[in-house]
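Hi,

Here is the model I promised to send over.

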Amino acid sequence: MDWIASLQGLIGGVLIGLSAVWLMGALGRIAGISGIIGNLITLRPKGDSAWRLAFLVGLVSGPLVIMAMGGGLGNVVDAPGAVIGAPAGGVPLMLIAGLLVGLGTGLGSGCTSGHGVCGLARLSTRSMAATGVFLITAIVTVYVTRHMIGGGV
Amino acid sequence: MNSTTVKTAAGYIAGLLFGLGLAISGMTDPARVLGFLDVAGAWDPTLMFVLGSAVGTTFVGYRLVFARGEPLFSGNFQLPTKQSLDGKLLGGAALFGIGWGLSGYCPGPAIASIGGLSLPLIALLVAMVAGWFIARKISS
């Protein structure tokens, strides 16, 4: 096992947790990416958009800060110094995947952050169920594409 | 400073912490995510550590924050009130999982990766936004 990668995972997870705690403590909001940014784009709620846009800018600038520091804190597989990994497939696959991610998180009211981090921390039954379901379908999807169809993505 | 400025600054800090966390943990690399989901292959435990420490930190932090009674810069905590497990929640989660497993991208890492923009990532982001609009259409 790659202990450095795991340690970076632990540290990164704490930062994500602090982000969620800060957003709740400061603005009283769940740090769910699909909720914050999905609603910003599809609803543009009056008087409730500026912090969402600022969150989006912050989210994008985080990895840029690590890149500006030389990338040594990145954790890309087999690529020391890299911060952002390459997509795992071409445009057609990403179009299908993106549509499913958008549709699914929109209908399911949350993603890995809203349900997976904030929801589990609140011990929400709905979030526990959603997290269980998306973990299982994701694992099955990877199994099918990598081990049954073969070659994989 | 007026309240919009304070709220905007608070939103930026939250986004920045989140983006730093994703970058340092390696969640901005789809190979890390797919490696975790590939339980029958060379399993990569990184995401388990990320989710574990994020949930642990949030679990403790939320209790401290809720004990205070109200947020610093806003009137009240806005928490989901729905309790029931319905088809929309579970069906949506299932569709999301398939898309996540195909690409290794969930919304946060996909957006945080904009700094390393590529054609496949643009395709994913555009399709994800289209999916959000379709979901809103279906829900309304």
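Predicted model: local features only at pLDDT ≥ 70, side-chain atom pairs only at ≥ 80, totals over all residues.

Of the 140 residues in chain B, 54% count as buried. If you take the contacts in chain B between residues at least 6 apart in sequence, 42% of them join residues at least 24 apart.

One helix to look at is α2(B), which is mostly covered, with 7 of its 8 residues buried. Those buried residues are B:P30, B:R32, B:V33, B:L34, B:G35, B:F36 and B:L37. What covers them includes α3 and α4 of chain B, along with α6 (125-148) from chain A.

Now the contact between the chains: chain A puts in 107 residues and chain B 106. On the chain B side, the elements giving two or more residues are α1 (3-25), α2 (30-37), α3 (46-67), α4 (87-103), α5 (107-112) and α6 (119-139). That side divides into 63 nonpolar, 36 polar and 7 charged residues.

As for chain A, an unreviewed UniProt entry places "transmembrane region" at residues 20-41, 53-73, 93-117 and 129-149. In the model, residues 53-73 of chain A are 76% helix and 0% strand, with the end C-alpha atoms 26 Å apart. Residues 93-117 of chain A come out at 84% helix and 0% strand, and their end C-alpha atoms lie 27 Å apart.

Cheers

Notes. Residues numbered from 1 in each chain as written. Chains lettered and ligands numbered in written order. Contact = placed C-beta atoms within 7 Å. Helix = DSSP H or I, 4+ residues; strand = E, 2+ residues; numbered from the N terminus. Nonpolar A, V, L, I, M, F, W, Y, C, P; charged D, E, K, R; others polar. UniProt positions renumbered as here; feature names shortened; annotations may be inferred. Buried ≥ 20, exposed ≤ 12 C-beta atoms within 10 Å, placed from the backbone.
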